[in-house]
Amino acid sequence: MRELSEWSVSDSGTGDDEIVANGNRLLIGNGYLGYRGTVEEADASYLPACNLSGVYDRRGGLWREPVNAPNGLSVRLRATGAADGDHPLSIKDSSLASHEQVLDFRYGVHSRSSAWRLGGAEVRVRAERFASLADVHLLCLRYSIRADLDIRLEIRQGIDCVLWDINGPHLEGRAFARDGGELSVSCRTQELGIPLAVVSLSALSFEPASEAVDESSGHFRILALDAKAGVDYTLCVFSSVYTGLDKDGDPLAAARASAGRAAAEGYASALATQKEKWDAIWEKGDVVIEGDDYSRRALRYSLYQLQIIAPRHAEGLSIPARGLSGQTYKGAIFWDTEMFIAPYFLHAEPAVARNFIAYRIATLDGARRKAREYGYRGAFYAWESQETGDDACSHFNVVDVFTGRPMRTYFRDKQVHISADVAYSIKRYIDITGDSSILDEGGLEVILECARFYISFAYYSPERGRYEILDVTGPDEYHERVNNDAFTNRMIRHCLDAARECLSLLGRTAPESLERIVAKIGFGADLGRLEELRAALYVPSPGEDGVIEQFDGYSRLEDCGLDELRSRALDPREYWGGANGIASGTRVIKQADVVLMLNLFGADYPPEIKKANLDYYEPRTEHGSSLSRCVYSLLACETGDSEWAYPFFRKTAEIDLTGDSKHYAGLVYIGGTHPAANGGAWMAAVLGFCGLSIVDGKIILKPRLPAAWTSVSFSLSLRNVEYAVVVETGGYTIREK
Ligand code: BGC
């Protein structure tokens with residue numbers, strides 16, 4: 001990142017790593033698609049992507065992953081016949097004289113300005129683009145060329161079909177069509193044969209000297225331009241993407257109509273509409289920190305990253321762990337959404353949080369299949385969930401750096417807290433919004449099936465006279481297959497409580513619905529078991545020193561310091577967990593675990609217990625997951641230590657600005673954006689420093705701002721009323737908007 005201004009971030013890097021980093025940092029999107037922050041001339045080596053939400057494909061036996069659409073905003077420029085010969089005007093060419101890319105994160109506009117020096121002439125390209133919020137299928141680009149001497153140029157504009165795929169290619173059966181300036185590609189996915197169409201419609205401000213078509217690696221117009229010195233030559237490109245999953249008829253016809261509408265409206269007007277849409281988003285979603293420019297900008301940027309992937313266009317969609325920044329993590333939805341992303345939307349725009357629940361309702365059958373696969377009843381949600389809810393997580397999810405062999409990992413089979421996380425998010429949605437209609441729409445069924453999973457999973461120890469949860473992995477993935485993981489057991493208890501409370505809530509508000517749901521899934525026989533498990537489920541409590549042991553036997557592991565452990569690593573990319581991982585036999589943990597539990601169930605524990613666990617676990621936490629630091633920040637705020645919490649907030653809020661995060665787990669690429677951290681930054685700022693909570697529909701604030709901040713202002717959408725909240729060091733104001 002070169003510069004972070006009030007509403008923009010810029011970079012001028014052209015090295016390979018910088019190109020990849022900018023792909024994430026300068027991402028634009030609209031919930032339907034994410035378009036990476038690469039330059040217009042990018043070929044597949046720049047890792048460009050127009051990543052589609054909810055469209056997945058598997059090629060052969062490789063990992064199933066989301067589909068990248070052909071790139072309808074491709075523009076390549078060549079100087080043909082410059083004094084020193086032909087030059088492809090790319091940012092990798094030696095003739096590049098200057099280059100800058102800027103993301104305006106107020107309006108989701110990516111722009112670039114690059115100049116090339118060719119003999120005596122300078123050619124400059126200025127381009128800007130955005131992913132339309134008014135029509136989520138649409139990408140709009142304005143691309144201008146100006147030279148300071150007369151020069152012949154060749155423009156190759158159109159749809160690039162040579163894509164960056166991790167486990168692709170995913171698209172086959174390509175067919176091209178052309179109508180004047182309108183180019184199209186129709187194809188379908190390999191596995192499910194989902195039709196996909198991309199249209200790229202360009203309007204030129206000039207008459208090309210000649211025009212041809214290139215159908216080699218995509219569908220392009222080749223325009224010859226005799227550029228005159230000092231004249232601007234502009235192309236406006238409107239590219240639209242539709243798939244067979246969109247309920248708008250034939251994808252090609254729909255894409256043509258969408259691009260056609262935009263071209264008729266024109267770029268300037270489409271941009272004006274875009275700004276209005278973003279103003280409306282910020283009206284609800286902005287958070288303004290005063291007193292600390294960097295924090296204000298970094299937090300707003302984090303919120304931008306969340307807003308560009310918020311699924312508003314369709315029911316039953318969620319947010320993948322790397323957003324729409326590419327195919328990393330198989331485009332899968334993890335617990336990140338429920339525990340780290342949903343809270344922001346729940347307070348700013350509850351309809352989006354409701355959609356995350358609709359997604360879990362829609363994928364309940366996948367969770368039932370997974371439970372059955374492992375010999376359990378109920379719903380065991382996928383650790384890595386795609387559109388059906390079947391688990392995309394492989395049993396060998398990490399590749400060992402030393403042997404190059406896939407390593408057996410237990411994220412899929414043992415991270416059983418996932419179902420409780422889903423149930424937690426539904427209960428929290430109801431508690432905060434007061435909207436219990438979700439129960440009747442599948443929400444109760446989900447909660448009951450999750451509870452039923454734990455009923456069948458729990459083990460009764462006759463000797464100890466209690467139910468235990470054995471052979472699981474908690475949030476700290478470095479310690480696999482442990483017994484009585486405190487976080488997991490406490491989450492399960494919450495799930496059982498949620499089931500009981502939601503049963504009685506629906507019993508009061510809609511008794512017939514309750515009867516119907518209980519009969520439908522035959523839960524009657526489980527009601528007694530639910531009570532029994534709830535009464536005798538073991539949840540670890542603090543020891544004499546106040547510390548809660550993360551799992552049985554944790555305190556018998558080697559107490560090796562983080563620095564010492566780091567020094568034992570032989571390869572910067574090696575995986576610290578798994579059978580032979582350097583952390584597995586020690587007390588070093590990957591991410592917040594007990595501390596997360598103390599944060600979620602804060603009311604159950606006095607401040608001195610929170611403090612004791614913070615002090616104990618933080619020095620032993622690698623923060624090897626972007627989900628970690630924000631949790632420490634939150635708990636530290638609760639214990640009144642905002643200054644301690646502050647750097648944890650900053651690190652979280654800047655993660656996608658600096659790009660400073662892990663890019664590999666073993667040999668598996670895990671780079672991309674970090675929506676959970678983006679949501680975590682909001683949690684730390686608003687739930688942590690402002691001390692916001694909603695209790696019985698009432699807004700509670702306990703300000704504990706760090707010294708650098710003078711105030712935090714934000715909107716709150718609570719029970720259909722919008723509030724403007726301003727929190728200051730010594731107090732706060734709340735007003736209805
Ligand atoms: C973390 C998980 C998280 C996943 C996706 C992993 O590194 O340990 O908790 O769900 O990344 O963000």
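**Helix packing, ligand surroundings and backbone geometry**

In the predicted model, helix α18 crosses α20 in a left-handed manner. The two helices, spanning residues 642-653 (α18) and 675-689 (α20), pack with their axes 8 Å apart and at an angle of about 155°. Angles over 145 degrees count as roughly antiparallel, and α18 and α20 are therefore assigned to that class relative to each other.

The surroundings of the ligand were examined next. Its shell consists of A321, Y329, F334, W335, D336, W383, E477, K590, Q591, S625 and L627. By residue class, this shell around the ligand comprises six nonpolar, two polar and three charged residues. For Q591, an N or O atom of the side chain lies 2.6 Å from a ligand oxygen atom, and for K590 the corresponding distance from a side-chain N or O atom to an oxygen atom of the ligand is 2.7 Å. In the case of Y329, a polar side-chain atom is found 3.2 Å from an oxygen atom of the ligand.

The peptide bond between G168 and P169 is cis, with omega at about 0°; P169 belongs to the loop that links β13 (151-160) to β14 (171-179). N484, although not a glycine, adopts a positive phi of about 50°. This residue, N484, is situated in the loop between β24 (466-468) and α11 (486-509).

Conventions:
Residues are numbered from 1 along each chain as its sequence is written. This is a predicted model: local features need pLDDT of at least 70, side-chain atom pairs count only at pLDDT 80 or more; totals for chains, interfaces and linings use all residues. Side-chain values use heavy atoms; hydrogens and water are left out. A residue is near a molecule or strand if one of its heavy atoms lies within 4 Å of it. A polar contact is a pair of N or O atoms within 3.5 Å; within protein, one must be able to donate a hydrogen and the other to accept it, and residues adjacent in sequence count only if both atoms are side-chain atoms. Ala, Val, Leu, Ile, Met, Phe, Trp, Tyr, Cys and Pro count as nonpolar, Asp, Glu, Lys and Arg as charged, and the others, Gly among them, as polar. Axes are lines fitted to C-alpha atoms, for helices over the stretch in contact, and angles run from 0 to 180 degrees between N-to-C directions. Helices (H or I, at least four residues) and strands (E, at least two) are DSSP runs, numbered from the N terminus. Angles under 35 degrees count as roughly parallel, over 145 as roughly antiparallel, 65 to 115 as roughly perpendicular and the rest as oblique. A crossing is left-handed if the near helix is turned anticlockwise from the far one by less than a right angle, and right-handed if clockwise.
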